[in-house]
Amino acid sequence: MIIAIDGPAAAGKGTLAQSLAKHFNYAFLDTGRLYRAVGYAVLQAKEDPCDENAATRQARTLDPQNINKILSNPALREEETGKAASKVAAIPSVRAALLDLQRNFAQNPYLENGQPAHGAVLDGRDIGTVVCPKADVKFFVTASDEVRANRRYKELIEAGKTTDYATVLKDIQERDKRDSQRAAAPLRPADDAFILDTSSLNALQVFQSALDYIALNHE
Ligand code: CDP
């Protein structure tokens, strides 16, 4: 069983993906972290995230054996890393370098304790369209720009960061624009995705809607 969850920045994909993975005891992969890890490595090497050669080299050197450790780096959550991630993510050779890892995870999912799982939940931008076009269930999670910016702003403040709402809104809109307008695997709902607008729903209501959809269509 493969559950694909796509959508723009701060729409609540990660929260839904983790709740579903926990509920069904499926493995979970936040694919955004892969792009963030590449963006971060490029920044660390003092190179430009838009530089195709630099970004591709970093994407190709991500060690699949060591992936859990790489993806658990707290620096990947920084807004600067998110921005760099969306720049490297527009480069087709970077996307190609990360494809097998994501597909392998979907086909042979394993839990955090290393045990094999009966299903996988992957969240990102192109899971239902490119990475797992045959996923059993596809969600496209979205919300208004203002609601998403407000959520991200609160997350950042709670994490002790100094920022302001206007900057967060601008950053999210720029990132969404880059993600939707790129030629390689742009952000868009798969034709068979269930669209979940979370603008006026809390995390529990989103989870409940997703469970209802799965129960009606896939059980
Ligand atoms: O959590 P948030 O929504 O802020 O972003 P993320 O999921 O961590 O993804 C960071 C960036 O990676 C996105 O802005 C996309 O450019 C890119 N990404 C992608 O292109 N394809 C994916 N499957 C996942 C992320």
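In this predicted model, three helices, α2 (32-44), α5 (79-88) and α9 (165-181), each contribute at least two residues to the shell around the ligand. Helix α2 provides the largest share, three residues. The shell as a whole consists of 18 residues, and the closest to the ligand are Arg 36, Arg 95, Arg 152, Arg 175 and Asp 179. By residue class, nine members of the shell are charged, five are nonpolar and four are polar.

A polar atom in the side chain of Arg 36 is 2.6 Å from a ligand oxygen. For Lys 13, an N or O atom of the side chain lies 3.2 Å from an oxygen atom of the ligand.

Helix α9 was examined for its length and for the placement of its buried residues. With 17 residues at 1.5 Å a residue, α9 should span 24 Å, and this agrees with the 24 Å between its end C-alpha atoms. Its buried residues are Val 168, Leu 169, Asp 171, Ile 172, Arg 175, Asp 176 and Asp 179. Viewed down the helix axis, these buried residues fall within an arc of 165 degrees, so they line one face of α9. In an α-helix there are 3.6 residues a turn, so residues three or four places apart point the same way. The exposed residues Ala 166, Lys 177 and Gln 181 are carried on the face of α9 turned away from the buried side. Two of the buried residues of α9, Arg 175 and Asp 179, are also among the residues closest to the ligand.

Arg 125 is located in the loop between β3 (120-124) and α7 (127-131). The relative accessibility of Arg 125 is 15%, which is under the 20% limit, so this residue counts as buried. A polar atom of the Arg 125 side chain is also 3.5 Å from the backbone oxygen of Gly 7.

Ile 5 belongs to strand β1 (residues 2-6). Its relative accessible area is 0%, so Ile 5 is buried. Between Ile 5 and Gln 18 the separation is 13 residues in sequence and 11 Å in space, taken from C-alpha to C-alpha.

Conventions
Residues are numbered from 1 along each chain as its sequence is written. This is a predicted model: local features need pLDDT of at least 70, side-chain atom pairs count only at pLDDT 80 or more; totals for chains, interfaces and linings use all residues. Side-chain values use heavy atoms; hydrogens and water are left out. A residue is near a molecule or strand if one of its heavy atoms lies within 4 Å of it. A polar contact is a pair of N or O atoms within 3.5 Å; within protein, one must be able to donate a hydrogen and the other to accept it, and residues adjacent in sequence count only if both atoms are side-chain atoms. Helices (H or I, at least four residues) and strands (E, at least two) are DSSP runs, numbered from the N terminus. Ala, Val, Leu, Ile, Met, Phe, Trp, Tyr, Cys and Pro count as nonpolar, Asp, Glu, Lys and Arg as charged, and the others, Gly among them, as polar. The expected span of a helix is 1.5 Å times one less than its number of residues. Buried means under 20% relative accessible area, exposed over 50%, partly exposed in between (1.4 Å probe, protein chains only). The arc is that of the directions from the helix axis to the C-beta atoms.
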